[in-house]
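Here's a look at the ligand site in this model, and then at the open spaces around the protein. Have the viewer ready and follow along.

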Amino acid sequence: MIIEKLENQERLSFKEALSLYDLDLFTLGKYANKIRTQIFERKTYFNINRHINPTNICKDVCQFCAYSSSRKNPNPYTMSHEEILQTVDDSLKKEIKEVHIVSAHNPDTGLKWYLDVFKKIKDKYPQLHVKALTAAEIHFLSTEYNLSYEEIIQKMIESGVDSMPGGGAEIFDEELRKRICGGKVSSQQWLHIHKLWHNKGKQSNATMLFGHIETREHRIDHMLRLRDLQDETHGFNAFIPLVYQKENNFLNVKEYPTGQEILKTFAIARIVLDNIPNLKAYWVTSSIKLALLAQEFGANDLDGTIQKESINSAAGANSANGMPLEQFVQVIQNSGFTPVERDSVYNELKFY
Ligand code: V47
(Lines give C-alpha, C1' and ligand atoms only; values in the text may rest on other atoms or scores of the structure.)
Protein backbone atom coordinates (compact mmCIF):
# COMPACT_ATOMS: atom_id res chain seq x y z
CA MET A 1 0.00 0.00 0.00
CA ILE A 2 1.28 3.42 -0.95
CA ILE A 3 0.23 5.00 2.38
CA GLU A 4 2.24 2.41 4.29
CA LYS A 5 5.27 3.21 2.18
CA LEU A 6 4.77 6.92 2.80
CA GLU A 7 4.43 6.30 6.53
CA ASN A 8 7.70 4.37 6.51
CA GLN A 9 9.38 6.82 4.11
CA GLU A 10 10.38 4.01 1.78
CA ARG A 11 11.78 4.59 -1.67
CA LEU A 12 9.09 4.54 -4.38
CA SER A 13 9.07 2.81 -7.78
CA PHE A 14 7.92 4.54 -10.97
CA LYS A 15 4.39 3.14 -10.61
CA GLU A 16 4.15 4.06 -6.95
CA ALA A 17 5.47 7.56 -7.57
CA LEU A 18 2.93 8.06 -10.35
CA SER A 19 0.11 6.88 -8.11
CA LEU A 20 0.89 9.76 -5.72
CA TYR A 21 -0.93 12.07 -8.12
CA ASP A 22 -4.14 10.13 -7.28
CA LEU A 23 -3.92 11.10 -3.62
CA ASP A 24 -5.73 14.21 -2.52
CA LEU A 25 -3.62 17.33 -2.15
CA PHE A 26 -3.72 17.46 1.64
CA THR A 27 -2.70 13.83 2.14
CA LEU A 28 0.19 14.34 -0.23
CA GLY A 29 1.09 17.63 1.45
CA LYS A 30 1.07 16.00 4.87
CA TYR A 31 3.75 13.48 3.87
CA ALA A 32 5.84 15.96 1.91
CA ASN A 33 5.73 18.46 4.73
CA LYS A 34 6.69 15.80 7.26
CA ILE A 35 9.93 15.14 5.36
CA ARG A 36 10.60 18.85 4.90
CA THR A 37 10.04 19.54 8.58
CA GLN A 38 12.27 16.66 9.70
CA ILE A 39 15.17 18.16 7.77
CA PHE A 40 14.56 21.91 7.82
CA GLU A 41 11.88 22.58 10.46
CA ARG A 42 10.28 25.93 9.47
CA LYS A 43 13.43 27.34 7.86
CA THR A 44 13.22 28.59 4.27
CA TYR A 45 16.44 29.26 2.42
CA PHE A 46 17.17 32.04 -0.03
CA ASN A 47 20.24 33.83 -1.29
CA ILE A 48 21.03 37.37 -2.30
CA ASN A 49 21.86 36.90 -5.93
CA ARG A 50 21.91 38.55 -9.30
CA HIS A 51 20.87 36.86 -12.52
CA ILE A 52 22.71 37.98 -15.65
CA ASN A 53 21.72 36.80 -19.13
CA PRO A 54 24.51 38.18 -21.34
CA THR A 55 23.12 37.34 -24.79
CA ASN A 56 19.81 36.26 -26.28
CA ILE A 57 21.15 35.29 -29.71
CA CYS A 58 20.71 31.55 -30.07
CA LYS A 59 21.41 28.99 -32.78
CA ASP A 60 19.01 26.52 -31.16
CA VAL A 61 15.26 26.65 -31.42
CA CYS A 62 13.26 25.64 -28.36
CA GLN A 63 9.52 25.83 -28.81
CA PHE A 64 8.91 27.04 -25.25
CA CYS A 65 11.50 29.82 -25.32
CA ALA A 66 10.46 33.45 -25.56
CA TYR A 67 13.88 34.79 -24.69
CA SER A 68 15.82 33.91 -27.83
CA SER A 69 15.99 36.76 -30.33
CA SER A 70 15.38 34.39 -33.23
CA ARG A 71 11.88 33.72 -31.95
CA LYS A 72 9.21 36.25 -31.16
CA ASN A 73 11.54 38.55 -29.29
CA PRO A 74 12.92 40.99 -31.87
CA ASN A 75 15.68 42.62 -29.80
CA PRO A 76 18.95 40.73 -30.19
CA TYR A 77 21.69 41.78 -27.76
CA THR A 78 25.12 40.68 -26.59
CA MET A 79 26.71 42.34 -23.57
CA SER A 80 30.39 43.24 -23.57
CA HIS A 81 32.56 42.03 -20.71
CA GLU A 82 32.72 45.62 -19.49
CA GLU A 83 28.93 45.78 -19.33
CA ILE A 84 28.78 42.47 -17.45
CA LEU A 85 31.42 43.64 -14.96
CA GLN A 86 29.58 46.93 -14.51
CA THR A 87 26.38 44.98 -13.78
CA VAL A 88 28.20 42.91 -11.16
CA ASP A 89 29.71 46.07 -9.70
CA ASP A 90 26.29 47.74 -9.41
CA SER A 91 24.77 44.63 -7.83
CA LEU A 92 27.46 44.39 -5.18
CA LYS A 93 25.98 47.52 -3.63
CA LYS A 94 23.00 45.29 -2.86
CA GLU A 95 25.29 42.81 -1.13
CA ILE A 96 24.88 39.98 -3.59
CA LYS A 97 26.88 36.85 -2.84
CA GLU A 98 26.21 35.02 -6.11
CA VAL A 99 26.02 35.81 -9.80
CA HIS A 100 23.96 33.36 -11.83
CA ILE A 101 25.01 33.72 -15.45
CA VAL A 102 23.10 31.96 -18.21
CA SER A 103 23.21 32.80 -21.91
CA ALA A 104 21.64 31.68 -25.14
CA HIS A 105 23.80 29.68 -27.60
CA ASN A 106 25.40 32.48 -29.57
CA PRO A 107 27.65 31.21 -32.40
CA ASP A 108 29.18 34.65 -33.10
CA THR A 109 30.95 35.61 -29.87
CA GLY A 110 33.80 33.10 -29.76
CA LEU A 111 34.69 30.80 -26.88
CA LYS A 112 36.72 33.42 -25.03
CA TRP A 113 33.69 35.68 -24.68
CA TYR A 114 31.89 32.90 -22.84
CA LEU A 115 34.76 31.90 -20.55
CA ASP A 116 37.03 34.88 -19.90
CA VAL A 117 34.35 36.91 -18.19
CA PHE A 118 34.26 34.46 -15.28
CA LYS A 119 37.96 34.96 -14.66
CA LYS A 120 37.52 38.73 -14.85
CA ILE A 121 34.70 38.57 -12.30
CA LYS A 122 36.69 36.27 -10.02
CA ASP A 123 39.86 38.39 -10.25
CA LYS A 124 37.94 41.51 -9.29
CA TYR A 125 35.56 39.94 -6.74
CA PRO A 126 37.13 36.75 -5.39
CA GLN A 127 34.46 36.42 -2.68
CA LEU A 128 31.61 36.19 -5.19
CA HIS A 129 30.21 32.76 -6.08
CA VAL A 130 29.95 32.29 -9.85
CA LYS A 131 27.15 29.94 -10.87
CA ALA A 132 27.32 29.70 -14.64
CA LEU A 133 26.92 27.67 -17.82
CA THR A 134 24.10 25.16 -18.04
CA ALA A 135 24.72 21.71 -19.48
CA ALA A 136 22.98 22.99 -22.63
CA GLU A 137 25.57 25.76 -22.97
CA ILE A 138 28.43 23.35 -22.29
CA HIS A 139 27.13 21.05 -25.03
CA PHE A 140 26.81 24.01 -27.39
CA LEU A 141 30.38 25.20 -26.68
CA SER A 142 31.72 21.67 -27.04
CA THR A 143 30.17 21.14 -30.49
CA GLU A 144 30.78 24.68 -31.72
CA TYR A 145 34.49 24.72 -30.79
CA ASN A 146 35.27 21.04 -31.22
CA LEU A 147 36.27 20.42 -27.64
CA SER A 148 35.24 17.55 -25.36
CA TYR A 149 32.91 18.14 -22.42
CA GLU A 150 35.88 17.41 -20.17
CA GLU A 151 37.91 20.15 -21.84
CA ILE A 152 35.13 22.71 -21.48
CA ILE A 153 34.65 21.73 -17.84
CA GLN A 154 38.37 22.09 -17.19
CA LYS A 155 38.28 25.56 -18.72
CA MET A 156 35.27 26.49 -16.59
CA ILE A 157 37.11 25.46 -13.44
CA GLU A 158 40.25 27.35 -14.50
CA SER A 159 38.11 30.42 -15.20
CA GLY A 160 36.58 30.36 -11.73
CA VAL A 161 33.12 28.89 -12.22
CA ASP A 162 32.08 27.57 -8.80
CA SER A 163 28.89 25.69 -9.56
CA MET A 164 26.59 24.83 -12.44
CA PRO A 165 22.95 25.93 -12.63
CA GLY A 166 20.26 23.38 -13.38
CA GLY A 167 18.90 24.81 -16.64
CA GLY A 168 18.42 23.02 -19.94
CA ALA A 169 17.04 19.80 -18.46
CA GLU A 170 13.47 20.56 -19.62
CA ILE A 171 11.88 17.06 -19.80
CA PHE A 172 14.12 14.04 -20.31
CA ASP A 173 11.68 11.83 -22.24
CA GLU A 174 13.31 11.59 -25.67
CA GLU A 175 10.12 11.72 -27.78
CA LEU A 176 8.80 14.79 -26.01
CA ARG A 177 12.20 16.44 -25.96
CA LYS A 178 12.38 16.11 -29.75
CA ARG A 179 9.11 18.04 -29.99
CA ILE A 180 9.93 20.87 -27.61
CA CYS A 181 13.67 21.35 -28.01
CA GLY A 182 15.05 18.92 -30.60
CA GLY A 183 18.63 19.70 -31.63
CA LYS A 184 20.00 20.92 -28.32
CA VAL A 185 21.68 18.86 -25.59
CA SER A 186 20.04 15.41 -25.31
CA SER A 187 18.86 13.98 -22.01
CA GLN A 188 21.75 11.51 -21.89
CA GLN A 189 24.23 14.28 -22.61
CA TRP A 190 22.68 16.59 -19.99
CA LEU A 191 23.02 13.90 -17.33
CA HIS A 192 26.51 12.94 -18.50
CA ILE A 193 27.75 16.56 -18.29
CA HIS A 194 26.47 16.90 -14.71
CA LYS A 195 28.11 13.58 -13.85
CA LEU A 196 31.46 14.81 -15.20
CA TRP A 197 31.06 18.03 -13.21
CA HIS A 198 30.20 16.12 -10.02
CA ASN A 199 33.18 13.82 -10.60
CA LYS A 200 35.36 16.92 -10.29
CA GLY A 201 33.99 17.37 -6.77
CA LYS A 202 31.69 20.19 -7.90
CA GLN A 203 28.00 20.79 -7.25
CA SER A 204 25.07 21.64 -9.46
CA ASN A 205 21.29 21.90 -9.58
CA ALA A 206 18.66 20.20 -11.70
CA THR A 207 15.51 21.69 -13.20
CA MET A 208 12.37 20.26 -14.79
CA LEU A 209 10.15 22.33 -17.07
CA PHE A 210 6.53 21.25 -16.55
CA GLY A 211 2.99 22.36 -17.22
CA HIS A 212 3.19 22.38 -21.03
CA ILE A 213 2.57 19.28 -23.20
CA GLU A 214 4.18 16.70 -20.94
CA THR A 215 2.29 14.07 -18.96
CA ARG A 216 2.57 13.12 -15.30
CA GLU A 217 4.46 10.01 -16.46
CA HIS A 218 7.08 12.22 -18.11
CA ARG A 219 7.59 14.15 -14.87
CA ILE A 220 8.08 11.00 -12.80
CA ASP A 221 10.47 9.58 -15.39
CA HIS A 222 12.43 12.85 -15.24
CA MET A 223 12.68 12.74 -11.45
CA LEU A 224 13.74 9.09 -11.40
CA ARG A 225 16.55 9.68 -13.91
CA LEU A 226 17.85 12.41 -11.59
CA ARG A 227 17.46 10.18 -8.54
CA ASP A 228 19.54 7.46 -10.27
CA LEU A 229 22.37 9.85 -11.09
CA GLN A 230 22.28 11.35 -7.62
CA ASP A 231 22.69 7.88 -6.10
CA GLU A 232 25.95 7.69 -8.03
CA THR A 233 27.40 11.17 -7.62
CA HIS A 234 25.61 13.03 -4.77
CA GLY A 235 26.41 16.25 -6.62
CA PHE A 236 22.94 17.82 -6.95
CA ASN A 237 22.14 20.44 -4.33
CA ALA A 238 18.63 21.31 -5.41
CA PHE A 239 15.78 20.19 -7.61
CA ILE A 240 13.85 23.03 -9.24
CA PRO A 241 10.50 22.37 -10.91
CA LEU A 242 10.00 25.27 -13.36
CA VAL A 243 6.38 26.10 -14.14
CA TYR A 244 5.94 26.69 -17.85
CA GLN A 245 5.19 30.31 -18.92
CA LYS A 246 3.15 30.49 -22.08
CA GLU A 247 3.55 33.96 -23.61
CA ASN A 248 5.54 34.92 -26.72
CA ASN A 249 6.71 31.47 -27.71
CA PHE A 250 5.75 28.87 -30.26
CA LEU A 251 4.47 26.05 -28.09
CA ASN A 252 0.74 26.27 -28.41
CA VAL A 253 -0.40 25.60 -24.85
CA LYS A 254 -3.73 27.13 -23.99
CA GLU A 255 -4.14 26.01 -20.39
CA TYR A 256 -2.00 26.86 -17.43
CA PRO A 257 -1.53 24.03 -14.89
CA THR A 258 -3.75 24.45 -11.84
CA GLY A 259 -2.34 25.47 -8.48
CA GLN A 260 -3.28 22.00 -7.24
CA GLU A 261 -1.27 20.30 -10.00
CA ILE A 262 1.75 22.52 -9.30
CA LEU A 263 1.63 21.88 -5.54
CA LYS A 264 1.16 18.14 -6.07
CA THR A 265 4.23 18.13 -8.30
CA PHE A 266 6.27 19.89 -5.60
CA ALA A 267 5.06 17.46 -2.93
CA ILE A 268 5.81 14.46 -5.14
CA ALA A 269 9.30 15.79 -5.88
CA ARG A 270 9.96 16.10 -2.13
CA ILE A 271 8.82 12.50 -1.57
CA VAL A 272 10.36 10.85 -4.66
CA LEU A 273 13.71 12.65 -4.70
CA ASP A 274 14.80 11.25 -1.38
CA ASN A 275 18.47 11.94 -2.13
CA ILE A 276 18.39 15.58 -3.29
CA PRO A 277 18.26 17.70 -0.14
CA ASN A 278 16.78 20.97 -1.36
CA LEU A 279 13.55 21.59 -3.24
CA LYS A 280 13.46 25.03 -4.73
CA ALA A 281 10.19 26.83 -5.48
CA TYR A 282 11.50 29.28 -8.05
CA TRP A 283 9.02 32.07 -7.40
CA VAL A 284 9.71 33.55 -10.84
CA THR A 285 7.79 30.76 -12.57
CA SER A 286 5.36 29.66 -9.87
CA SER A 287 4.43 33.21 -8.78
CA ILE A 288 5.46 34.33 -5.31
CA LYS A 289 2.08 33.39 -3.80
CA LEU A 290 2.26 29.79 -4.94
CA ALA A 291 5.95 29.58 -4.00
CA LEU A 292 5.04 30.61 -0.45
CA LEU A 293 2.34 27.95 -0.40
CA ALA A 294 4.79 25.39 -1.78
CA GLN A 295 6.68 25.76 1.51
CA GLU A 296 3.85 23.69 3.04
CA PHE A 297 4.26 21.07 0.29
CA GLY A 298 7.93 20.21 0.59
CA ALA A 299 9.76 23.26 -0.75
CA ASN A 300 12.49 24.64 1.54
CA ASP A 301 14.16 27.14 -0.79
CA LEU A 302 12.84 30.16 -2.71
CA ASP A 303 15.97 30.95 -4.80
CA GLY A 304 16.73 34.61 -4.18
CA THR A 305 16.23 38.28 -4.81
CA ILE A 306 17.43 37.96 -8.47
CA GLN A 307 17.37 41.72 -9.25
CA LYS A 308 16.83 41.20 -12.95
CA GLU A 309 15.48 38.27 -14.92
CA SER A 310 15.11 37.95 -18.68
CA ILE A 311 14.34 34.36 -19.65
CA ASN A 312 11.05 33.76 -17.88
CA SER A 313 9.86 37.34 -17.88
CA ALA A 314 10.07 37.22 -21.69
CA ALA A 315 7.52 34.39 -21.51
CA GLY A 316 5.13 36.23 -19.21
CA ALA A 317 6.56 35.83 -15.69
CA ASN A 318 6.34 38.80 -13.34
CA SER A 319 10.04 38.79 -12.46
CA ALA A 320 11.85 41.29 -14.66
CA ASN A 321 13.13 43.26 -11.65
CA GLY A 322 13.49 40.60 -8.99
CA MET A 323 12.33 41.43 -5.46
CA PRO A 324 13.86 43.76 -2.85
CA LEU A 325 15.45 41.93 0.08
CA GLU A 326 13.22 43.48 2.75
CA GLN A 327 10.09 42.44 0.89
CA PHE A 328 11.44 38.94 0.25
CA VAL A 329 12.18 38.41 3.92
CA GLN A 330 8.85 39.85 4.95
CA VAL A 331 6.69 37.65 2.72
CA ILE A 332 8.46 34.53 4.00
CA GLN A 333 7.93 35.66 7.60
CA ASN A 334 4.30 36.57 6.93
CA SER A 335 3.74 33.07 5.58
CA GLY A 336 4.86 31.57 8.89
CA PHE A 337 8.37 30.47 7.96
CA THR A 338 11.83 31.59 9.06
CA PRO A 339 13.87 33.18 6.26
CA VAL A 340 17.46 31.98 6.33
CA GLU A 341 19.98 33.53 4.01
CA ARG A 342 22.24 30.79 2.63
CA ASP A 343 25.28 30.78 0.44
CA SER A 344 25.29 29.08 -2.95
CA VAL A 345 26.14 25.66 -1.54
CA TYR A 346 23.61 25.84 1.28
CA ASN A 347 25.69 26.93 4.25
CA GLU A 348 23.45 28.99 6.54
CA LEU A 349 24.56 32.63 6.77
CA LYS A 350 21.88 34.64 8.54
CA PHE A 351 18.58 34.00 10.28
CA TYR A 352 15.91 36.70 10.03
O1 V47 B 1 16.66 26.13 -18.93
C2 V47 B 1 12.73 28.74 -20.69
C3 V47 B 1 13.48 27.61 -18.55
C4 V47 B 1 15.51 27.81 -17.64
C5 V47 B 1 10.64 28.98 -20.24
O6 V47 B 1 20.07 26.31 -11.01
C7 V47 B 1 11.25 28.45 -19.11
O8 V47 B 1 19.54 27.52 -9.29
C9 V47 B 1 9.28 28.43 -17.97
O10 V47 B 1 17.41 27.00 -15.22
N11 V47 B 1 8.62 28.92 -19.04
C12 V47 B 1 16.54 28.79 -17.12
N13 V47 B 1 10.60 28.18 -17.98
C14 V47 B 1 16.33 29.07 -15.64
C15 V47 B 1 16.98 28.03 -14.78
C16 V47 B 1 17.16 28.29 -13.33
C17 V47 B 1 16.38 29.23 -12.70
C18 V47 B 1 16.58 29.45 -11.34
C19 V47 B 1 17.53 28.80 -10.62
C20 V47 B 1 18.32 27.86 -11.27
C21 V47 B 1 19.38 27.18 -10.48
C22 V47 B 1 18.13 27.59 -12.62
O23 V47 B 1 14.30 28.50 -17.84
C24 V47 B 1 15.76 27.17 -18.96
C25 V47 B 1 14.39 26.65 -19.31
O26 V47 B 1 14.16 25.38 -18.77
N27 V47 B 1 12.54 28.30 -19.44
N28 V47 B 1 11.56 29.18 -21.19
C29 V47 B 1 9.23 29.22 -20.18
N30 V47 B 1 8.55 29.68 -21.23
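A polar contact here is a pair of N or O atoms within 3.5 Å; within protein, one must be able to donate a hydrogen and the other to accept it, and residues adjacent in sequence count only if both atoms are side-chain atoms. The model is predicted, so local features need pLDDT of at least 70 and side-chain atom pairs count only at pLDDT 80 or more, while totals for chains, interfaces and linings use all residues. Residues are numbered from 1 along each chain as its sequence is written, and side-chain values use heavy atoms, with hydrogens and water left out.

| Residue | Protein atom | Ligand atom | Distance |
|---|---|---|---|
| Phe64 | polar backbone atom | nitrogen | 3.0 Å |
| Lys131 | polar side-chain atom | oxygen | 2.7 Å |
| Asn312 | side-chain N or O atom | nitrogen | 2.8 Å |

On its own the ligand exposes 620 Å², and the protein buries 96% of that (Shrake-Rupley areas with a 1.4 Å probe). Around it are 23 residues, with Lys131, Gly166, Gly168, Glu170 and Asn312 the closest (a residue counts if one of its heavy atoms lies within 4 Å). Strands E5 (204-210) and E6 (236-243) each give two or more residues to this shell; helices (H or I, at least four residues) and strands (E, at least two) are DSSP runs, numbered from the N terminus. Sorted by class, the shell has 10 nonpolar, nine polar and four charged residues, with Gly counted as polar.

Where does the ligand sit? It's in the largest cavity, meaning more than half of its atoms lie within 2 Å of the grid points. On a 1 Å grid over the protein atoms alone, a cavity is a set of points where a 1.4 Å probe fits but cannot get out, and a pocket is an open set with protein on both sides within 12 Å along at least five of seven lines; lining residues have an atom within 4 Å of a point.

The whole structure has three cavities of 30 Å³ or more. The largest holds about 780 Å³ of space, and 43 residues line it, with Val102, Gly167, Gly168, Glu170 and Ile311 nearest its centre. E5 and E6 turn up again in that lining, as do strand E2 (49-52) and helix H6 (135-144), each supplying at least two residues.

As for the largest pocket, its volume is about 210 Å³. It has 15 lining residues, and Gln9, Ile35, Arg270, Ile271 and Asp274 are the closest to its centre. Helix H3 gives the largest share of the lining, four residues.

Conventions. Points joined across faces, edges and corners; volume = space filled by probe spheres on them.
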